[in-house]
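Please look through the sequence and the 3D structure below before reading on.

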Amino acid sequence: MLLGVIADDFTGATDIAGFLVANGMKTIQLNGVPQEQAAVKADAVVISLKSRSCPVNEAIEQSVSALKWLQDQGCRQFYFKYCSTFDSTAEGNIGPVTDALLDTLGESFTILCPSLPVNGRTVYQGHLFVQGSLLNESGMRNHPVTPMKDANLMRLMDAQANGKTGLVAYHDIAQGAAQIAARFEALKQQGCRYAVVDTLDNTHLASIGEACRTLKLITGGSGLAAGIAHNWTESLSDQSQAMQAGQPAPGPTVILSGSCSVMTNRQVAVYQSQAPHFALDVQSCLSEPHYVDTVYDWVVSHLGSTLAPMVYATAEPEILRAIQAAYGAQASSQAVEHFFHRLVQRLQQHGVTNFIVAGGETSGVVTQSLNVKGFYIGPQIAPGVPWVKATDQPLSLALKSGNFGDEQFFTTAQGFIHD
Ligand SMILES: Nc1ncnc2c1ncn2[C@@H]1O[C@H](COP(=O)(O)OP(=O)(O)OP(=O)(O)O)[C@@H](O)[C@H]1O
Ligand SMILES: O=C(O)[C@@H](O)C(=O)CO
C-alpha cells in the first residue's frame, strides 16, 4: 500500500477516492477503521470517518486510530482529507486532528491545501474563495453546523491549532515545485508547523503535489489527489478492474437530501419539477415517532416512477434559521439525521439498492445505517462525486458533497445506472 487517506466525512472520502482512481491509483474506501488487520490489496486506502463536527477528542481518537491502522498496512504517505471549504470551528477539528497526526507520525511540518479549482475552490494570499467569492461571503456563511465567517486560512488555523501557520504565496507557487519545496524549508526554519499554499489552477496543484513528495503527512481537499497520485506513477498497478467494480446496477433507487447548501437547494428545486418529492417536516421528525412510517409508505408507493422519488430536509437559509431558532441547531439537525437513519434501514429491508444522497453528514448517516464496510469506486457523475458500490452487499451509492454537481445532478446520476 502506498497512500493512506483519512477523510473527515463520507462524501469527502468518495470525493478524493474518485480522483485517486481517475489518476491511476487502485483505491478502496473503508467506512470507519476496520476491526481486523486483513491486508487490503490496493494502491490507496481511504478511511472515511464522521469526524468533521463531532467533539474534538472523538475526532482525534478516530483519526489517530485510522492512522495507526494505515501504518500497520504499510502505507508510505498519509493524507488528511477535509472539506474544500475548510469546514471547522475555532475548536476544531482540522487543527487538533492535524496536530495529533503530526505528533503520532513524529513529524513537524505539513501543508494546508483545501483548493479544488474544478469546483471553484481557490486560494489566493491565503484566502479561500468559493466560485470567486470569499469563503465568508459564500453560502458557507450559513452552514447549519460549521458556518464559515472568515476566509483567511492562516487565521482559521491559528484559532484551532497549536503551531504557527505560514504562507507559500502565488508568486512562489507559480515558479514550480523546487521553489515551493524551498519555501517549505524556509517556513520550517521560521518555526512554522503548517503552510497554506495558494492555488489558482490545476497546474499549481501539480507543482504542489510534486513538492510534497517527501512529506509524510499532507492535509487538504481532494484537488491535490492528482498531484499526489502522479508521484507514485512508477509503482502503480492496473486500474481498469477497479473502475468497473464500482458501476451501479439497475434496482429500486431513492434520493435523500439533507444538505442545505446553495447548490443542493438548486438541485432539489430543479428535481421537484421533474419527479416525485417529499419535503420533511422537522417538527414531525422531532416529535412524531410514526412519521417515518408515513414517509416510508410514500417512498415505496413511488418506487415505480420513471425518476426516483426524493425525500429532502433541504431548506433555504431563512427557513433553516427559523427552524434552528425554534428547535435549536443541534437538536434539529440531529432529528433530521436520526430520521434518515430510520428511513434508510426500512428502505434497505424493502429492497432499495441504489441511494443518491446529498450532504456529507447525511451521507455518513446513510452509509452507517446501511452497514456498508467498504466501497469499490465507480464512474464520476460530476467532479468529486463517483458512484460507489459496496464491497459486501448489492448496494450502490452516490454520495454528493453539499455544493458539488450541477443543477441536473440527481437525473444525471440516474443516467449511469445500467446493466
Ligand atoms: N431543515 C433542516 N433543519 C435543520 N437541520 C437540517 C435541515 N436540513 C438539513 N439539516 C441538517 O444540516 C446538516 C447538513 O449537513 P450535511 O453535511 O449533510 O450537508 P452539507 O454540509 O451541505 O454537505 P457537505 O458537508 O458535504 O458540504 C445535517 O446535519 C442535516 O441533518
Ligand atoms: O472537499 C469537499 O468539498 C468535499 O469533498 C467535502 O468534504 C464536503 O463534505
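In this predicted model, Q125 is found in the loop that runs between strand 6 and strand 7. The phi angle of Q125 is positive, at about 50°, although Q125 is not a glycine. Most residues other than glycine have a negative phi.

**The sheet around this loop**

- Strand 6 pairs with strand 7, which covers residues 127-130, in the antiparallel sense and over four bridges.
- Within this pairing, V123 has L128 of strand 7 as its bridge partner.
- The open sheet consists of three strands in the order 6-7-8, and their pairing is antiparallel.
- Strand 6 (121-124) and strand 8 (133-134) stand at the edges of the sheet and have a single partner strand each, so one side of each is left without a neighbour in the sheet.
- As a general point, the strands of a sheet pair through backbone hydrogen bonds, and they may do so in a parallel or an antiparallel way.

**Ligand 1 and its surroundings**

- Ligand 1 is surrounded by 23 residues, and the closest of these are H143, S259, E337, E361 and T362.
- The side chain of S259 has an N or O atom that lies 2.7 Å from an oxygen atom of ligand 1.
- Backbone atoms also approach this ligand: a polar backbone atom of A313 is 2.9 Å from a nitrogen atom of ligand 1, and a backbone N or O atom of S333 is 3.2 Å from an oxygen atom of ligand 1.
- Ligand 1 would expose 630 Å² if it were taken alone, and the protein buries 97% of that area.
- Two or more residues of the shell around ligand 1 come from each of helix 13 (317-327), helix 14 (329-350) and helix 15 (360-370), and helix 14 gives the largest share, with four residues.
- Sorted by class, the shell around ligand 1 holds seven nonpolar, 12 polar and four charged residues.
- As for its location, ligand 1 sits in the largest pocket.

**Ligand 2 and its surroundings**

- Ligand 2 sits in the largest pocket, and the residues that surround ligand 2 include D9, G12, K81, Y82, C83, S84, S401 and F404.
- For D15, an N or O atom of the side chain is 2.5 Å from an oxygen atom of ligand 2, while a polar side-chain atom of R52 lies 2.6 Å from an oxygen atom of ligand 2.
- On its own, ligand 2 has 270 Å² of accessible area, of which the protein covers 96%.
- Helix 1, which spans residues 10-22, provides the largest share of the shell around ligand 2, namely three residues.
- The shell around ligand 2 divides by class into three nonpolar, four polar and four charged residues.

**A cis peptide bond**

- Where does N93 lie in the chain? N93 is part of the loop between strand 4 (77-81) and helix 3 (94-105).
- The peptide bond that joins G92 and N93 is cis, with an omega of about 10°.
- For comparison, most peptide bonds are trans.

Note on methods: Residues numbered from 1 in each chain as written. Chains lettered and ligands numbered in written order. Predicted model: local features only at pLDDT ≥ 70, side-chain atom pairs only at ≥ 80, totals over all residues. Heavy atoms only, no water. Pairing = 2+ DSSP bridges. Near = heavy atom within 4 Å. Polar contact = N/O pair within 3.5 Å; in protein donor to acceptor, adjacent residues only side chain to side chain. Areas by Shrake-Rupley, 256 points an atom, 1.4 Å probe, with all protein chains shown as cover. 1 Å grid on protein atoms, 1.4 Å probe; cavity = no way out; pocket = protein on both sides within 12 Å on 5 of 7 lines; lining within 4 Å. Sits in = over half its atoms within 2 Å of the grid points. Nonpolar A, V, L, I, M, F, W, Y, C, P; charged D, E, K, R; others polar.
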